[in-house]
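Please walk me through this structure in the viewer. Tell me what to select at each stop and what is found there.

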Amino acid sequence: MSEQITGAQSLIKSLEAAGAENIFGIPGGAILPAYDPLMDSTAIRHILVRHEQGAGHAAQGYAAATGKVGVCMATSGPGATNLVTPLADAHMDSVPMVAVTGQVGASMIGTDAFQEADIRGITMPITKHNFLVTDPAEIPRTVAEAFYLASTGRPGPVLVDVAKSALQAMTSFRWPTELNLPGYRPVTRPHSKQIREAAKLILEARRPVLYVGGGTIRAGAARELRVLAEFTGMPVVTTLMARGAFPDSHPQHLGMPGMHGTVAAVAGLQRSDLIISLGARFDDRVTGNLDSFAPGAKVIHADIDPAEIGKNRLADVPIVGDCREVISDLLVALKGESDAGHTGDYEAWVEFLAGIKKRYPLGYDQPADGSLSPQYVIERLGKIAGPEAIYTSGVGQHQMWAAHFVSYENPNTWINSGGLGTMGFSVPAAMGAKVGCPDRTVWSIDGDGCFQMTNQELATCAINDIPIKVAVINNESLGMVRQWQTLFYNERYSNTDLHSKRIPDFVKLAEAYGCVGLACDSPADVDATITKAMEINDAPVVVDFRVHRDAMVWPMVAAGTSNDDIKYARDMAPRFDDTEDDWEVNP
Ligand SMILES: Cc1ncc(C[n+]2csc(CCOP(=O)(O)OP(=O)(O)O)c2C)c(N)n1
C-alpha cells in the first residue's frame with residue numbers, strides 16, 4: 001500500500017509537482033490544513049499578502065512577466081470572494097493563473113456554514129474552468145488539470161476549491177502521468193488551406209495592416225512577428241495588451257490603435273483593405289462604433305480561441321491556431337510565393353501612413369504655469385529606466401500615457417489590466433512581476449486613485465524583500481473620469497476630486513510601510529528623482545509625482561462614435577482623407 005498522507009500534504013506535493021515556485025496568499029480556517037505542510041516545502045515560496053485581491057493580481061503580474069502559471073491561495077468565503085476581481089481580470093486578459101481556495105467541510109456545503117460561499121458558482125463565468133474537490137484522492141489529478149488548462153490553448157484562470165474535509169482526510173499521492181480531458185483539445189496547428197488563403201489575400205492587398213493583440217505576447221511570438229513584418233513590409237499596430245510585441249522604435253510600427261490610439265494606427269485600420277488580426281479580438285475600445293469600423297477591409301482573423309473568430313467582426317479567412325505557429329506558417333507560405341515571384345505592393349500605403357505618423361505624432365503641452373506634466377514624468381521614466389525594465393500600470397489616464405510615452409521594445413515588459421480595467425492592479429502586479437524577475441527593474445506607474453486601492457501590498461514588498469518602484473502620477477483626482485466630465489458633462493466634477501495632494505501624504509505613507517518615499521513637483525527635478533529611485537535597490541520606493549490636474553489623454557475617439565471622428569486634441573480633428581489620391585490604389 002502506498003504511503004498515507006493528508007489531503008493537505010497531497011495538495012502541496014501536487015503544487016510542487018505542477019511546478020509552482022511562488023504562491024501569493026492569506027490563510028484562514030478552511031485552507032489552514034494546507035498551510036501547515038506548506039511551511040515545510042522547500043520548493044515553494046509563499047508570500048503573505050495583505051489582501052487577497054493583491055494575491056490575485058500578483059499572480060497575474062508574475063504570470064505576465066514570466067509566461068509561467070501564477071498561483072494564489074485563499075480561504076473560503078471572504079478570502080475566496082476577494083479573488084473574484086483578479087479572476088475576472090485574468091479571464092479577460094487571458095492570464096495563466098491557478099487559484100486554490102479552501103472550502104468548508106464537504107458535509108457542511110450548502111448549509112450556510114461559517115465562511116461558506118459558493119465560489120465555484122460565483123466564478124463560473126469568469127474562469128476558464130473551476131473545480132470543487134471533496135475527495136482527497138482527486139487532489140493530484142485536479143491540480144495537474146488546473147495547471148494544464150490554465151497554460152494551454154487560450155490561457156486563463158482556473159480555480160481549485162478544496163473542501164477542508166478533503167484536506168484533513170488521509171489519502172495517497174500519485175501524480176498523473178497523463179491527463180484525460182474529453183472535449184478539451186486546443187488546436188495549435190493552423191490549417192494549411194487557411195494559411196494559403198491568407199497568403200493569397202496578403203499578396204492581393206494594397207493596404208494591409210498587422211493588427212497585433214495580446215495573444216501574440218502570450219504565444220511568445222514577438223520574434224516571429226518581427227520577421228513576418230519585415231519580410232512583407234506591412235505596417236503594424238499593437239493593441240494595449242500587445243505593447244512590446246513589436247518594437248516601438250521600428251519604422252513600420254504605427255503604435256496603439258483604439259479609443260486613445262495614435263492617429264496613424266487608427267487611420268491605418270480605418271483605411272485598410274486587409275486586417276490581419278493576430279491574437280486580437282476586435283474589442284470595442286479598438287473598433288469604436290463597429291458598423292463604421294474599417295469599412296473597406298477584409299479580415300484574416302487568427303486566434304487560438306475559435307469563439308473569438310467572427311464574434312465582433314466577420315472574418316473572411318478564419319485561422320484557428322497558436323499565433324506563433326500561424327505567423328511561422330504564413331511566413332513559409334509568403335516566402336514560397338516570393339520565390340515564385342509574387343510579392344505584395346504596399347509602397348503607396350506605407351508612404352501614406354508614414355506621412356500621417358509624421359503629421360500627427362504623439363505629443364502633449366507643457367502646463368503654462370510651470371507645473372509638472374504627467375506625460376513628461378512618464379516619458380522621462382521610460383527613458384531613464386529603459387526598455388529592459390518591466391512597467392505595470394493601474395487604470396486611467398496614467399495607463400494611457402504609460403502605454404504611449406514609454407517606448408516598449410520587448411514583449412512581457414508592459415503589464416496592465418486591459419479588458420476589465422481594474423483600478424488597483426498596478427502595485428500588486430508589479431510585486432508579482434518582481435518576484436518572477438528579481439533581476440529586472442520593475443516600475444509600477446499608478447494613479448493616485450488606483451494606488452489608494454491596493455497600496456497595502458507595499459508592506460508585503462518591504463517585508464519580503466521585493467524592491468519594486470512606484471511612480472504615483474498624483475493629479476489629485478480620478479483623472480480619467482474627470483476628463484470625461486470635462487468633455488461630456490460640462491465640467492461638472494461630481495465626485496472625482498480626491499484631494500490627494502493633501503491626504504494622504506504619500507511620502508509618509510511609503511515610509512510607514514518601510515519603503516523609501518520621494519516627492520517631486522517640478523520639471524527640473526524629474527530626472528534626478530527618477531535616478532535616485534533607480535539607485536535604491538534594497539527597499540521599495542514610492543515617488544509622489546505631483547502633477548498638473550488638467551492634462552488630458554489625446555488622441556481620443558469618444559465612446560460609441562466612429563474611429564473616423566478621432567480627435568487629435570480638443571476640437572482638433574486630424575485629416576487623413578485629404579491625401580486620398582495617395583493611398584487610393586486600386587487593387
Ligand atoms: C475598481 C474600479 N473602480 C472604478 C473604475 C472607474 N475608473 C476608471 S479610471 C478611474 C480613475 C482613476 O483615477 P487615478 O487612479 O487617479 O488615475 P488617473 O486617471 O487620474 O490617471 C475610475 C474611477 C475602475 N476602472 N475600476
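The tour below goes through a predicted model, one selection at a time.

**Stop 1: the central annotated span**

Select residues 195-330. The unreviewed UniProt entry annotates this range as "domain: Thiamine pyrophosphate enzyme central". The span is 34% helix and 19% strand, and its end C-alpha atoms lie 6 Å apart.

**Stop 2: the six-stranded sheet**

Now show the strands β11, β10, β9, β12, β13 and β14, which form an open sheet in that order with parallel pairing. Which strands stand at the edges? They are β11 (253-255) and β14 (317-320); each has a single partner strand, so one side of each is left without a neighbour in the sheet. On average, neighbouring strands here are turned by 20° against each other, direction ignored.

**Stop 3: strand β12**

Select residues 274-278, which make up β12. On one side, β12 runs parallel to β9, joined to it by five bridges. With β13 (residues 298-303), β12 also pairs in the parallel sense over five bridges.

Individual partners can be picked out. Ile275 of β12 is the bridge partner of Val209, and Ile275 also stands opposite Val299 in β13. Further along, Leu278 stands opposite Ala302 in β13.

**Stop 4**

Select residues 192-204 for helix α9, which lies across β12, β13 and β14 and runs at about 135° to β14.

Then select residues 263-270 for helix α12. This helix packs on the sheet and touches β9 (208-212), β10 (236-238), β11 and β12. The direction of α12 makes about 105° with that of β11. How many residues of α12 are buried? Eight of its eight residues are, and the helix is mostly covered. Among them are Val263, Val266 and Leu269, as well as Gln270. The cover over the buried residues of α12 includes the strands β9, β10, β11 and β12, along with the helices α13 (284-287) and α15 (347-359).

**Stop 5: Ile304**

Go to Ile304, in the loop between β13 and β14. Ile304 has a relative accessibility of 16% and therefore counts as buried, the cut-off being under 20%.

What is Ile304 in contact with, leaving aside its neighbours within four places in sequence? The contacts are Gly153, Arg154, Val187, Thr188, Val320, Gly321 and Asp322.

**Stop 6: the N-terminal annotated span**

Select residues 6-119. UniProt lists this range as "domain: Thiamine pyrophosphate enzyme N-terminal TPP-binding", in an unreviewed entry. The chain over these residues is 41% helix and 18% strand, with 23 Å between the end C-alpha atoms.

**Stop 7: the cavity**

Rolling a probe the size of a water molecule over the atoms shows where empty space is left. The count comes to one cavity of 30 Å³ or more. The largest cavity holds about 120 Å³ of space. To find it, select Ala64, Arg218, Met241, Trp414 and Ile415, the closest to its centre of the 14 residues that line it. At least two lining residues come from each of α3 (52-66), α10 (214-218) and β16 (414-415).

**Stop 8: backbone details**

Asn412, with phi of about 60°, is in the loop between α17 (397-405) and β16. Asp465, with phi of about 55°, is in the loop between α20 (457-463) and β18 (469-474). Is Asp465 buried or exposed? Its relative accessible area is 56%, so Asp465 is exposed.

Finish at two cis peptide bonds. One joins Ile503 and Pro504, with omega about -5°; Pro504 lies in the loop between α21 (479-488) and α22 (506-512). Another runs from Trp554 to Pro555, with omega near -5°, and Pro555 is in the loop between β20 (541-546) and α24 (580-583).

Note on methods
Residues numbered from 1 in each chain as written. Predicted model: local features only at pLDDT ≥ 70, side-chain atom pairs only at ≥ 80, totals over all residues. Heavy atoms only, no water. Pairing = 2+ DSSP bridges. Helix = DSSP H or I, 4+ residues; strand = E, 2+ residues; numbered from the N terminus. Axes fitted to C-alpha atoms, helices over the stretch in contact; angles between N-to-C directions. Contact = heavy atoms within 4.5 Å. UniProt positions renumbered as here; feature names shortened; annotations may be inferred. Buried < 20%, exposed > 50% of the residue type's maximum accessible area, 1.4 Å probe, protein only. 1 Å grid on protein atoms, 1.4 Å probe; cavity = no way out; pocket = protein on both sides within 12 Å on 5 of 7 lines; lining within 4 Å. Points joined across faces, edges and corners; volume = space filled by probe spheres on them.
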